[in-house]
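Try each task before reading its solution.

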2 protein chains.
Amino acid sequence: MDPNLSQQCLELATRAKAAALELQVLSSALKNRWLIDSARRIEESQATILQANAKDLHKASEESLTEASIDRLRLDPKRLASIAQGLRDVAALPDPVGECLGGSIRPNGLQIQKVRVPIGVIFFIYESRPNVTADAAAIAIKSGNAIILRGGKEAYHSSKAIFDVLEASAEQIGIPKNALQMVSTPDRQAVGELLKLSKQIDLVIPRGGESLVRRVSAEATMPVLKHFDGNCHVYVDRAADLAQARQVVINAKTQRMGVCNAAESLLVDAPIAHAFLLSLAKDLAPFGIELRGDQAAMSILPGIRAATQEDWGQEYLGPIMSVKVVADVDEAIDHINTYGSKHTDAIMTNDIQRARRFTSRVDSAVVMVNASTRFNDGGQFGLGAEIGISTDKLHARGPCGLTELTTYKYIVTGDGHVRDS
Amino acid sequence: MDPNLSQQCLELATRAKAAALELQVLSSALKNRWLIDSARRIEESQATILQANAKDLHKASEESLTEASIDRLRLDPKRLASIAQGLRDVAALPDPVGECLGGSIRPNGLQIQKVRVPIGVIFFIYESRPNVTADAAAIAIKSGNAIILRGGKEAYHSSKAIFDVLEASAEQIGIPKNALQMVSTPDRQAVGELLKLSKQIDLVIPRGGESLVRRVSAEATMPVLKHFDGNCHVYVDRAADLAQARQVVINAKTQRMGVCNAAESLLVDAPIAHAFLLSLAKDLAPFGIELRGDQAAMSILPGIRAATQEDWGQEYLGPIMSVKVVADVDEAIDHINTYGSKHTDAIMTNDIQRARRFTSRVDSAVVMVNASTRFNDGGQFGLGAEIGISTDKLHARGPCGLTELTTYKYIVTGDGHVRDS
């Protein structure tokens, strides 16, 4: 261990903590001014940011990244405009801080108030597109938190250029110093050092591949808001509108395959399995989706491969889908609660009782009736920008936006009250 | 490692998970029937429970436990009546499950509902009095959770006797099998095994000494709701009613010393330090409280010992209090945010601006104005029974009762909705 690195990380986190104490009382007006000023600056800094992005793209092509990865990395005027618009959208959202969540005046006259407050210092580790730098900073600071950003090395120059713009604006507008900081050492040890600092850092949010999330969860000494895999199911009940069900399954599986709310597993109710699977297979063919089935599914679609035990728990993030024929809604619920990842699961049915049974018994962050799993998304829910989708059950579940980056405190006011017993 | 123990723990947790899936849809009526029936049975089983308690007391005296520890262990008809009443009180509280926390109908017609649901399986590890067995089971099951209880070995027979009563009632009333289970092997390894089972156990709550909480936090693979130390402060501002301030400090320090919401540290505003400390020291003398002060406090009260750096962060849980003279409310806030444990901190003042400054800037679960820190308690807040007081900032902060043992899910209903972009 480099003692300097350890010391640098401690200083970074300590600065963030000091900033967080100021941020908790910052006015909405100032935070919004920063967001709107940053948006303008992003637009005005187009040339600089695209230059930085060119460096990342050059390195990516040298390192032979896949075309898809390079596309995710690429910025252009349109994508920059959308980053700027994202900042303006966060400015337009209500400030969650200060909301009164409850309270009472007790029989003895003690006044109890439960008030929404920021969490404090958030350490955000991400592997994704450069726009996430702006989104995450905007959401964290609008909700009154200091943020420590650690982006993926592929997007380093682009993220840094965007960060510099946000930081320059923060200084100009009067956002507390060090409210946003970036870990710029390429040393992976820095992450490990920061994960030790539970006195300074209140929450870590890893957003990226499963190995990143697992590593962070294992090492962190502070709470982790995890975004694990989305092994999402669609169950097609005997009372479903089968044409609608086909459309939803196709949308959930194919509309965007590499995302956590894409469907990975199809459960079909036995009485309609034959008719439904035959027509679905025809519809899916043009999308090149490989189906892997249980015995019953294989006897209906003889060409498909057998699903192994592992398939049921798999998040493919690609053109594969597991298929199982179930005896009834209860077998579907059991299967989902056994193999699912508590992310998003849907039932297709026109039977209101089975819809109720499914939604009350499937233990997932989002349960859907007659809708594509793809709708589990902060924007689609009307919650505004999100920093991730939690598959944890504690603190926050599903899309995490401004409100999910807050906690609460109790403010109690008396008149010299003392306790007798 | 004993492979049998590992297997037994897995089976125990798997049974709890199956029970949790049933508990999430259990009616309030049935849960309340169980609580009321259990209360009656506790009263009727007085002889059996007191016999079991006698075994624990006999062992305690053999092992020369302190008189205070033995008193905490002791049950008598009055204490049993209070356990029964506690169960009836939980029955009378509103059921948090099913509460609608928000939602909307989106422009595309998709209906979004955010609904309160149980957490799932809770593993509760406690070192305290036998009544906690009944309290914890009542709170967990009323909020729709399965609970795995692991009590301290000192109270084993008493806890087991109470547990047997609750379990017999559960079976009779029709509470899902294994909704409440007790880890009865004395093997400490069992705790370690259970802490590995993050697939089955959703939350662990350690309640006891600091070493227990630290061990559980370090080993747990699932979220932990921690109840760490309460290093609670009272700050006496220059604008305080000094007579009131003396009463509150005395109450906060002496009314019950071994509890987390007792005051451990006193901060006094410089302009009133001399007058206040001299009269306070006189008032505290009969309680045998040792003061440990900074330079300024020592010059006012020459007899007292110097406080070390460690004293400022100390939870004494006994007749010691650290004292510091501060230049103003901001120094008090800084000191608390540096050395406090984010539990409960109070300001004594009649100046409304400084009261606001203190409550908005002190980053603690509970901040008080002109009231004793001893009021941080679920009962005193009108929240009913509590399973602990969280010093975490995530998920739940302060007193944890029924609501804090719940999470939420989104229920989304469409009409064949698919996503375009």
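The exercises below go from the single chain to the pair, and they use a predicted model.

**Exercise 1. Find out how many helices and strands chain A has, and how its domains are assigned.**

Solution. 
- Start with the elements: chain A contains 15 helices and 16 strands.
- Next, look at the domain assignment, which gives domain 1 as 3-226 + 396-413 and domain 2 as 232-375.

**Exercise 2. Decide whether the radius of gyration of chain A agrees with that of a compact globule.**

Solution. 
- Begin with the expectation: for 421 residues, a compact globule would have a radius of gyration near 22 Å.
- Compare this with chain A, whose value is 24 Å, which agrees.
- For the outline, the C-alpha atoms fill a box of roughly 70 × 70 × 40 Å along the principal axes.
- Now look inside: 52% of the 421 residues in chain A are buried, where buried means that 20 or more other C-beta atoms lie within 10 Å of a residue's own.
- Then consider contacts in chain A between residues at least 6 apart in sequence: 73% of them join residues at least 24 apart.

**Exercise 3. Work out which symmetry relates chain A to chain B.**

Solution. 
- Recall that two copies of a chain are related by a rotation about an axis and a shift along it.
- To locate the axis in chain A, go to A:His395, which has the C-alpha nearest to it, at 1.8 Å.

**Exercise 4. Describe the side of chain A that touches chain B, and find a strand pairing between the chains.**

Solution. 
- Count the residues in the contact: 54 come from chain A and 54 from chain B.
- Identify elements of chain A that each supply at least two residues to this side: α10 (242-254), α15 (352-361), β13 (366-371) and β16 (406-417). The largest share, 11 residues, comes from β16(A).
- Sort the side of chain A by class: 22 residues are nonpolar, 21 polar and 11 charged.
- Check the two sides against each other: 100% of the interface residues of chain A are also interface residues in chain B, so the copies meet through the same surface.
- Last, follow β13(A) across to β16(B): these strands pair in the parallel sense over five bridges. A:Val369 has B:Thr413 in β16(B) as its bridge partner.

Terms used. Residues are numbered from 1 along each chain as its sequence is written. Chains are lettered from A and ligands numbered from 1 in the order in which they are written. This is a predicted model: local features need pLDDT of at least 70, side-chain atom pairs count only at pLDDT 80 or more; totals for chains, interfaces and linings use all residues. Two residues are in contact if their C-beta atoms, placed from the backbone, lie within 7 Å. Helices (H or I, at least four residues) and strands (E, at least two) are DSSP runs, numbered from the N terminus. Ala, Val, Leu, Ile, Met, Phe, Trp, Tyr, Cys and Pro count as nonpolar, Asp, Glu, Lys and Arg as charged, and the others, Gly among them, as polar. Two strands pair if DSSP finds at least two bridges between them. Domain bounds come from an automatic or database domain assignment. The radius of gyration is taken over C-alpha atoms; the globule rule is 2.2 Å times the number of residues to the power 0.38. A residue is buried if 20 or more other C-beta atoms lie within 10 Å of its own, exposed if 12 or fewer, and partly exposed in between; C-beta atoms are placed from the backbone. Copies are superposed by least squares on the C-alpha atoms of residues with pLDDT of at least 70 in both.
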